[in-house]
Structures are given as structure tokens and as C-alpha cells.
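Dear colleague,

Please find below the structure that I am handing over to you. My notes on the ligand site and on one pair of helices follow it.

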Amino acid sequence: MADVSLTHIYKVYPNGTKAVNDFNMHIRDKEFIVFVGPSGCGKSTTLRMIAGLEDISAGELKIGDAIVNDMEPKDRDIAMVFQNYALYPHMTVYENIAFGLRLRKIPKNEIHEKVVEAANILGITEYLNKKPKEMSGGQRQRVALGRAIVREPKVMLLDEPLSNLDAKLRTQMRAEIGKLHAKLQTTFIYVTHDQVEAMTMGTRIVVMKDGFVQQIDTPKNLYRYPSNKFVAGFIGTPQMNFFEGTLLKQGDEVLIQFEYTDAQITVPYSALYKARPSYLDGKSPVYIGIRPEDVSLAPEDVKNSKAVVKVVVSHKEDLGNETLVYGDINPNGDGYVESSTRIIIKDNSGRDLKAGDVVDAVLDFEHVHLFDKKTEDTVLPRIPEYNYLDCEIKKGKLKFLGTEIELPEAIKTDDLKGELLLPTDAVTLNGNLKAEVVSCEDVNGISLMLGGKRLYTVTTEPVETKTVGIGIDFKKITVKADGEEKISPLPELNCFDCKFVKIKTHDTVEVKGKTKTKKVV
Ligand code: ADP
């Protein structure tokens, strides 16, 4: 039982491969952590560094309170289970499980107790006298787990332990490893390339790509709030649909124009409230991500929505309980090929569709994902940076969301009607404005409060009361009217013009044919 913490961990192999770059994570005692990502992303290397099987190029690794960078694997109090079970073929199951304990000169009766207990937990008691070759893959993997369990490690490391098993056995062993974790109450770190395995087993998941951590989060949060396009596409099957397009805020609505097709739709601004305002200018290119389960072909949804696109059906896959419909939002597109207009729909409407049919599909923008076209990072942060509100200033009073508040004397402006950009961290939880707490989300330890009419603030304390008094930090607000900034936030730093000047400290001189440097006085 132990915490494991990785601080600025790097791995550069002797051939120059940068396998792991700046890995930072604190794994709490008893967590079930899964490292997931495509082949070659650095997950095994990270696990092997924790095990001590691979040197750490830079950074600090702690298990419990000890820095273990230079500690031998056998002294780290960890146990590791590999994909190939690495059992001794000439030994019985009993001997295989007992082997490590014998090496450590544990008394025989104690070894016996531990082996029997582990066999019991894993349901392999009746195989204790058999040799590995007489057992199936699943049973052998249980023996490998047994060998790890009897060591009573502080941390269990598992490297793709199920990938040699067939699909049915994998599902069964997945559940058993989950049960084992609950029983042993030990920290588990599990490596897999299979996102379904990761989603079903991990309490938290680390998604990696090309040696870099992309996101560390709970399965639910990875699915709901992917921090970039890679994570969004990696988690969930079939993969999220990605279109390209632009967004233009027009009052209470946002016009969405798709690329490579004439399709355009409008959605209520409330669905895109968290979007960074600069992306709502009708020019900034974004990826629009919608999961196949968030597209509906049901006639009653089509009737009630303005977010309807025409889809030309190319083919479908009938899965029994649901049908995957493949199509394209470009009338000349081809739903067989992945593109910026191809769409996959999880359809439960039971409609009998054929190739060439044109159907109306509703895109559920309450569950949309938006990513910057260039960086591919999300532009829908979980906590919006700004509350973006209509406002009016009259005789030194600021009116917004049906309330009125006196502007500080230092802020002077003419009467106007415009937009107020109120940063979430400028809404304080001590003030005279009464607001109703609608919901409080846990965002990686920060609570998010949603006021009566969608007003966000951040706080490190959970908000328990229904009504709170809020205030505004006027130093941080921006008010825009007629395309001009009428009130600007105060700069947080004093800025001065300056430039860097190169100072000569040494002269190079030649003395008797040799180059020497001489300090400049
Ligand atoms: P994963 O477990 O995610 O499939 P690995 O951690 O095994 O990935 O590998 C990460 C990267 O490091 C890959 O590019 C791989 O080719 C490289 N690599 C792994 N082991 C070595 C090694 N011993 N020497 C050089 N490069 C290696």
C-alpha cells in the first residue's frame, strides 16, 4: 500500500529515442491507474521505470516516502505481471507461486499459507499440483497473478496482462482483476493499448501519445471532457465524428458553417456558453466533434431542432440492438472513407435505410466538442474563462442579468449598451449580489458554481448553501460596445520598454600561436 509519485520523469534510450517526456503524476494509495495509448507511446517504458527495470533519465520517482530512482527493483516492494506469464515450465503451479518467497527464505509454513490463500482468491486451488503446460492461457495468467499477490507488494504493476487471451476470457479476467484490486486494497498500475479495458478498469486513466501525457482523468471525464482531439478520438467506439467549420455568434444563437459542404446550422448560444469567445467570430477554424451516439435520426428530434443536417447514407452495420449508419454531410461525399464530412450515427430508431437515402440528422450540441484546428486543443474548457453577458451602463451603474451594481469611481465611461466579459475568477463568493447555486461540479478538485442565469465562478471550497452573496472584481472586467473596448482590465504587471544588450566580458587573443581568452576590464 503506497502512493507513487512521478515528478518530471524523462526517458531517453541510448539510441536517442525520447520514450517519455515530462511525466508528472501523483498516484494515490489504492488507486487503479491505467496507462493507455497506441503502441510505442511510452506506457511500458514508464511502468518499467517504476519497476526499476529501466533507468530513469531525469526526474524523481517516489514510492511511499522514499525516492527510489536508484533503488534495486527487489527493494522497491513492487510486483509485476507481464503479458507472457513467464512461469517456470518444470515447476508445478504451487512451486511457481512459492518460488519468490523461497528465495527470500520465508518459513515453509508461512509460504504454504500464502500460496493456499492466493490460490483461493484466484480460484486455482485444484491446479496447484499441475504444470503450466497442462493449463489454459487464462489459468496461467492467474498463476502469474498469484505469484505477484503472495509478495504482498505495495504496488502491483501489470503490463498488458490480458492481451494473449481471447475476447471472452479477457472480459472475464478484466472483472476478476477489478475484484482482486478491491480485495487486496493495493495500488495497481495497469498498462494496455485497449481503450475499453482502460475505461472499464481504471479509477483514473493516463492517456499517452508519442511519449507525452495527453490527459489524466477519470473514465467519465475523459469521455465527457477530452482535453484535445487525440483523446476525443481515442476514447469511445465508434470514434467521434470530426467535422471542420467555423462558429459565428449572432445574439442568442450561433451559426455553424461546415467546411467542404454547404451544410450550416444554428444552435442556441447557451449550448456553446463555455466556448472561448474568440472562436465565435465566424473565422477561426475549429474541429467540431460529435459522438455517434449524439446524432439522432428520430423524427421527433428532427422536428424540434434547428441543428439538422442532411446525410446521404452510404452503408450500415446492424449490431442487433442498434445500427451504425455511415453517411456523409456532403451530397457528393463517400461514407466509406474517413473525411471531414463523413458521419457515423448510432441509430436506435429502427428505420430501414438503404445506400443513397437522404435523411435528416440532429446533432446534439449539448454534447458537442470543439478543438482548435491548429493546436487540436479543446476550446470548450470545463470552466469557461469568461462569463460573456449582455450589459448596460447608465449613470455609473452596471446592469447585467437583471441586477444592477455601482461601478467604482475609478471607472468612468459614458452610458452604453454592450457586452460584459466577466472572467470566472472575477466573480467572488463574498458580496451583496444574491445568486442561486444551480450546480456544483467537481473539476479536478475545484468546484464550479453555476448561478441563476449561467454565471460561473471558481472556488476551491465546495459550495453547500443554495444561495450565496457574490461580488465582482472590477479590476478584471472588460466591457465592449460598438466594436470598441470601453472598459479594460487593469494590467497585472507594470510594463516598461526595454532591450537586451550584449556585454563583452572576454577577448580572444593569440599568444605564441595559441588562442586564449582574456577578461575585459
Ligand atoms: P508502449 O508500451 O506504449 O508500446 P514503449 O514504452 O515500449 O511503448 O516504447 C516507447 C518508445 O521507446 C518506442 O518508440 C519504442 O520503439 C522505444 N523503445 C522501447 N524500448 C527501447 C529500447 N530498449 N531501446 C530503444 N528504444 C526503445
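Helices (H or I, at least four residues) are DSSP runs, numbered from the N terminus. This is a predicted model, in which local features need pLDDT of at least 70, side-chain atom pairs count only at pLDDT 80 or more, and totals for chains, interfaces and linings use all residues. Residues are numbered from 1 along each chain as its sequence is written, and side-chain values use heavy atoms, with hydrogens and water left out.

The ligand site

Polar contacts are pairs of N or O atoms within 3.5 Å. In one of them, a side-chain N or O atom of threonine 45 lies 2.5 Å from an oxygen atom of the ligand. For lysine 43, the distance from a side-chain N or O atom to a ligand oxygen is 3.0 Å. Glycine 40 instead places a backbone N or O atom 2.7 Å from an oxygen atom of the ligand. The ligand taken alone exposes 560 Å², of which the protein buries 62% (Shrake-Rupley method, 1.4 Å probe).

The helix pair

The axes (lines fitted to C-alpha atoms over the stretch in contact) of helix 2 (residues 93–103) and helix 4 (residues 137–149) come within 8 Å and cross at roughly 30°. Helix 2 and helix 4 are therefore roughly parallel to each other (angles under 35 degrees).

With kind regards

How values were computed
A polar contact is a pair of N or O atoms within 3.5 Å; within protein, one must be able to donate a hydrogen and the other to accept it, and residues adjacent in sequence count only if both atoms are side-chain atoms. Axes are lines fitted to C-alpha atoms, for helices over the stretch in contact, and angles run from 0 to 180 degrees between N-to-C directions. Helices (H or I, at least four residues) and strands (E, at least two) are DSSP runs, numbered from the N terminus. Angles under 35 degrees count as roughly parallel, over 145 as roughly antiparallel, 65 to 115 as roughly perpendicular and the rest as oblique.
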